[in-house]
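Student: I would like a close look at one part of this model. Please take me through it in one go.

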Protein chains: 2
Amino acid sequence: MELWYTEEHTPTVRFSIKVKKQLFGGKSPFQQVDVFDSEEFGRFFTLDGLMMLTEKDEFIYHEMIVHVPMATNPDVRRVLVIGGGDGGTVRELSRYKTIEKVDMVDIDEMVVKVCRELLPFTSNKLDDPRVTLYFEDGLKFVRTVEEKYDLIIVDSTDPFGPGEGLFTKEFYGNCCKILNDDGILVNQHENPYYDSYRASMRRAHRRIEDFFPICRVYQAHIPTYPSGHWLFGFASKKFDPLEIDAEAWNALGLETNYYNTDIHRGAFMLPNYVKRELELEN
Amino acid sequence: MELWYTEEHTPTVRFSIKVKKQLFGGKSPFQQVDVFDSEEFGRFFTLDGLMMLTEKDEFIYHEMIVHVPMATNPDVRRVLVIGGGDGGTVRELSRYKTIEKVDMVDIDEMVVKVCRELLPFTSNKLDDPRVTLYFEDGLKFVRTVEEKYDLIIVDSTDPFGPGEGLFTKEFYGNCCKILNDDGILVNQHENPYYDSYRASMRRAHRRIEDFFPICRVYQAHIPTYPSGHWLFGFASKKFDPLEIDAEAWNALGLETNYYNTDIHRGAFMLPNYVKRELELEN
């Protein structure tokens, strides 16, 4: 018997991984949660049948969503993570001694529970004393929280289903309000290659621009996401991510597998077709 | 009935495309040649069951293999293309009025014949009067040719099968010999993510370094190739691809869908894991 996990990247394009064993399958109030083990990618974790991360390449996503803003403003002390229940984003944040506080808000407690148990390679810093977990809807959290943050990372699912509210004008407006005057907002921005989410990402990008004077998009090679070409949005009140102090970041001595201060800059250099589709300036 | 094309990226990872119709299938003396039509990618062309190009994203590969060296040395006049039977590389070269001569050497006449007929979007410049086609083994061609070139583009298949000789020390040595003193050699360098070809590419890269003082690797997002993360090798006797005259290239007014002079520079900024695996300096 052979067991294969298959994800439809479009109705006529499929990506399949041979599975050694299903380690977990369950339905939370919000979504279907599954964890598998595979030869090529090690353990991998899906929500509603869509790939969230694999043991082999999760470092790419998590390094790029964290180190790009952290190298842009090394003085970040207070961070809000929306989503990110697998813990990978918190793990990368926890490497910065200068960070004083991380609030993580994931709507789905089952995700965190399952990842704590089965994906220790991402979840192993969720117990860092600087981290507080909230199991709430991120959209509601940012409405009422009275904290101020230096950095908000939106480590969300797609712009439909449980993550839908995290791509709305209301959400971005509240993020802007709870960020300090030099605050940064980073979010996952989907792939630019397949049509499915492009219109919604273009809309989301326009909405962010209403609130932040500096808005850029950067990219990374993530082989297990649709098309392998993944985008991140970078919105900022003051700091331009193209102007970083590379020496200062390198002096921190953080070992990374994907990120470096050269690829930091290179990642903002986008193909023409991506710029056109997102109607971007950079 | 449904028809699906499936490529094994590894023995446990598969990429599948729903096929509208097979347009050609035949066996040449060298390889199995197939052309299909699909909803997502338009027409696509495979050799021995491996993806060579799709109508939707061939522009990425062809722009990146041509415009990176051409922007590095805008004075290139004489070009040798090894492989490239689909014509896409020649199409991009033909856009430069300053190029005087393009010799293209593909071992497999059937590939060119089939692409002329079924893939006019790549093959439509093979009749440019500056182009001469040779149906020979590139490895043998560079042994005996008495021309000198400014640029050699190795637009080959994988480092096994018919393309194997194009990754040898003998081949690179002869390329070096038939290049002018400011000559450039670019070759496709496989993906850095799946283990299968990494050792052979590392070896190939070492061999090139024996002949060329400047050796770099650059990358592009090509969704229909394994992992979507594709590398190119850039070897050069004089010109450093990081030092380009962006204004001069932009003044040519060539419209491109992927390439621009920013991504030219960004493409040479590689992830740490890629640098480590290829034991690269850049």
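How many residues of chain A are in contact with how many residues of chain B?

Tutor: This is a predicted model. In it, 42 residues of chain A are in contact with 42 residues of chain B. The area buried between the two chains is about 3,600 Å². Carbon and sulfur atoms give 57% of that area. On the side of chain A, A:T12, A:Y193 and A:H221 lose the most area to chain B. Together these three account for 20% of what that side buries.

Next, the polar side of the interface. Between chain A and chain B the count is 0 salt bridges. Polar contacts are found, though: 27 residue pairs across the interface, both residues at pLDDT 80 or more.

Now the elements of chain A that touch chain B. Strand 1 (3-10), strand 2 (13-27) and strand 11 (214-221) each supply at least two residues. So do helix 1 (58-72), helix 9 (261-266) and helix 10 (272-278) of chain A. Strand 2 of chain A gives the most, with 6 residues. By class, the side of chain A that touches chain B has 19 nonpolar, 14 polar and 9 charged residues.

Strand 2 of chain A pairs with strand 2 (residues 13-27) of chain B. The sense is antiparallel, over 5 bridges. One pair to find in the view is A:S16, whose bridge partner in strand 2 of chain B is B:R14. In short, strand 2 of chain A is the top contributor on its side, and pairs with a strand of chain B.

Notes. Residues numbered from 1 in each chain as written. Chains lettered and ligands numbered in written order. Predicted model: local features only at pLDDT ≥ 70, side-chain atom pairs only at ≥ 80, totals over all residues. Heavy atoms only, no water. Contact = heavy atoms within 4.5 Å. Buried area = accessible area lost by both parts, 1.4 Å probe. Salt bridge = Lys/Arg side-chain N within 4 Å of Asp/Glu carboxyl O. Polar contact = N/O pair within 3.5 Å; in protein donor to acceptor, adjacent residues only side chain to side chain. Helix = DSSP H or I, 4+ residues; strand = E, 2+ residues; numbered from the N terminus. Nonpolar A, V, L, I, M, F, W, Y, C, P; charged D, E, K, R; others polar. Pairing = 2+ DSSP bridges.
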